[in-house]
Protein chains: 2
Amino acid sequence: MQSNSQSRDVFYVSDGTAITCETLGHVVLGQFPFNANEKTFPFVESEEKLEKLLKEIEGSYLRTGEKPLVFFSIVLPQLKAMLLDSPAHCYDVIDNLVQKVQNDTQMTPMPQLQRSRSVGKDSERYFDRIAAIEYTLAHDDGITLKGLEKADIILLGVSRSGKTPTSLYMAMQFGLRVVNYPFIEEDIKRLRLLPEFEIHRHKLFGLTIDPERLTQIRENRLAGSEYASTEQCLAELSSVESLFRREAIPFINTSTLSVEEITTRILEKSGLRRRLL
Amino acid sequence: MQSNSQSRDVFYVSDGTAITCETLGHVVLGQFPFNANEKTFPFVESEEKLEKLLKEIEGSYLRTGEKPLVFFSIVLPQLKAMLLDSPAHCYDVIDNLVQKVQNDTQMTPMPQLQRSRSVGKDSERYFDRIAAIEYTLAHDDGITLKGLEKADIILLGVSRSGKTPTSLYMAMQFGLRVVNYPFIEEDIKRLRLLPEFEIHRHKLFGLTIDPERLTQIRENRLAGSEYASTEQCLAELSSVESLFRREAIPFINTSTLSVEEITTRILEKSGLRRRLL
């Protein structure tokens, strides 16, 4: 069978969730010109599960005539040896770094099964994370302004500037308690800072966005509406940005940023410390 | 100054969010016996930003007498060279893998600045992800049972079995549209499947949890309540698990699992495909 250089089979394999393998694999493959046909094999902790994977690897090799790429992290030596013996290009995403750290620090690593943010090991971290998610859900979209003293940060911005996904990501990934408050049409006309926010000024952070992008996002939601019109978007953004400047509220433009990038830039600019790392 | 082998300064550095560096660094350092004093430097894209980091590295080296560990991913060669020249043990989390893939595939990589799930490049993915988060928020905790035909999966379980955080993570990380529905006290006494779920049977997935763990979690929320009592937890769990068995609804026990692990196990067991990868 002829190999197709534009496409490769790729497997992410781990004795844990394989989320780290996926993340790293995506970054690495993003630098290569082929399309990846991706498949993930989590919790590969037994020979039985490994056999399933090995069949897929062999199938892929027979079908395409090319060895598939395998990004993996497996601790048990016999499973690892079986995988390395298969007709695949295998990349251990952790081991190489562990060896280098061992050489540099002269300390002996203790390999352990991958447990991402495992509950058993650390119940307090678990509760912190869940509490952050709950607080953030309860304070989404201006639902309530009670309990602001417990907030780590208060995000302000017009509708569809990215507040809700960013808030949830901050809570989930970093354990932060996030309030987000939308400026709505009535506010826009006579924009001022709510009195509730006055004593929490140091927690305020603004999101803004290019008018063209905002129109595009709102059109996606409510096509042809006044809400999505260029005039409305322009008016809202210009009055919100004036408020941010007038009140010296730090802000960033989210137009071309992913949720991860918005979050990281906010942490960087505000100096906010992550509760979970 | 005496070095302290129980503690090391660690920096995560990237021209992107540095989230991949952090994730990988945590896994690697999890195998070593020292405590990590961690600090993250995202968006290191200019000499000016790099200089700040280099000062911290030098300060750490002078203060502790030991080179700090740096997990990094930087594309621009002059910045990378400056970093490698500093008094630190530097680990490029991507480059080594890129070189191996290059050798194995005989394809030339095109290095690019790290852009995690970047918006500019892929607007459709952005909208899919936001739509999944919105759908999932709108269908959290049984708020509504409308639009079930658009759901990718429907999670069932008693209060505090992990439904909400899992649903949000599935939406955020994999772009899945998740409904979650809690069994409440009135349901528990005469437990049956809601008629709304009948035609969506194939989407149903149950979460259960050990009674001791459920009591602990509920105590954390409402100490001393009937709701948190061992009897109540036992009764709810036993009737929910019977329902799962009777109706042949697949389910998992979340007691010792993180949100990432619950999500991955659900995907594995249900065969559900990720919308984003």
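**Chat on the interface of chains A and B**

Trainee: Which side chains meet in a salt bridge with Arg221(B)?

Mentor: In this predicted model, the side chains of Arg221(B) and Glu134(A) form a salt bridge at 3.2 Å, N to O. Salt bridge here means a side-chain nitrogen of Lys or Arg within 4 Å of a carboxyl oxygen of Asp or Glu.

Trainee: Why does that pair join two chains?

Mentor: Arg221(B) lies in helix H9 (residues 211-221) of chain B and Glu134(A) in helix H5 of chain A, so the pair joins two chains. Helices (H or I, at least four residues) and strands (E, at least two) are DSSP runs, numbered from the N terminus.

Trainee: What are the ground rules for the numbers?

Mentor: Residues are numbered from 1 along each chain as its sequence is written, and chains are lettered from A in the order in which they are written. Local features need pLDDT of at least 70, side-chain atom pairs count only at pLDDT 80 or more, totals for chains, interfaces and linings use all residues, and side-chain values use heavy atoms, with hydrogens and water left out.

Trainee: How many residues are in contact?

Mentor: 84 residues of chain B are in contact (heavy atoms within 4.5 Å) with 84 residues of chain A. The buried area is about 7700 Å², with carbon and sulfur atoms giving 64%; that is the accessible area (1.4 Å probe) the two parts lose on being put together, summed over both.

Trainee: How can chain B be laid on chain A?

Mentor: By a turn of 180° and a shift of 0.0 Å along the axis, with an RMSD of 0.1 Å. The two copies are thus related as by a two-fold rotation axis. The superposition is by least squares on the C-alpha atoms of residues with pLDDT of at least 70 in both.

Trainee: Switching topic: where does Leu145(A) lie?

Mentor: Leu145(A) is in the loop between helix H5 (123-138) and strand E5 (153-158) of chain A. Leaving out residues up to four places away in sequence, Leu145(A) touches Val179(A), Tyr181(A), Leu194(A), Glu196(A) and Phe197(A).
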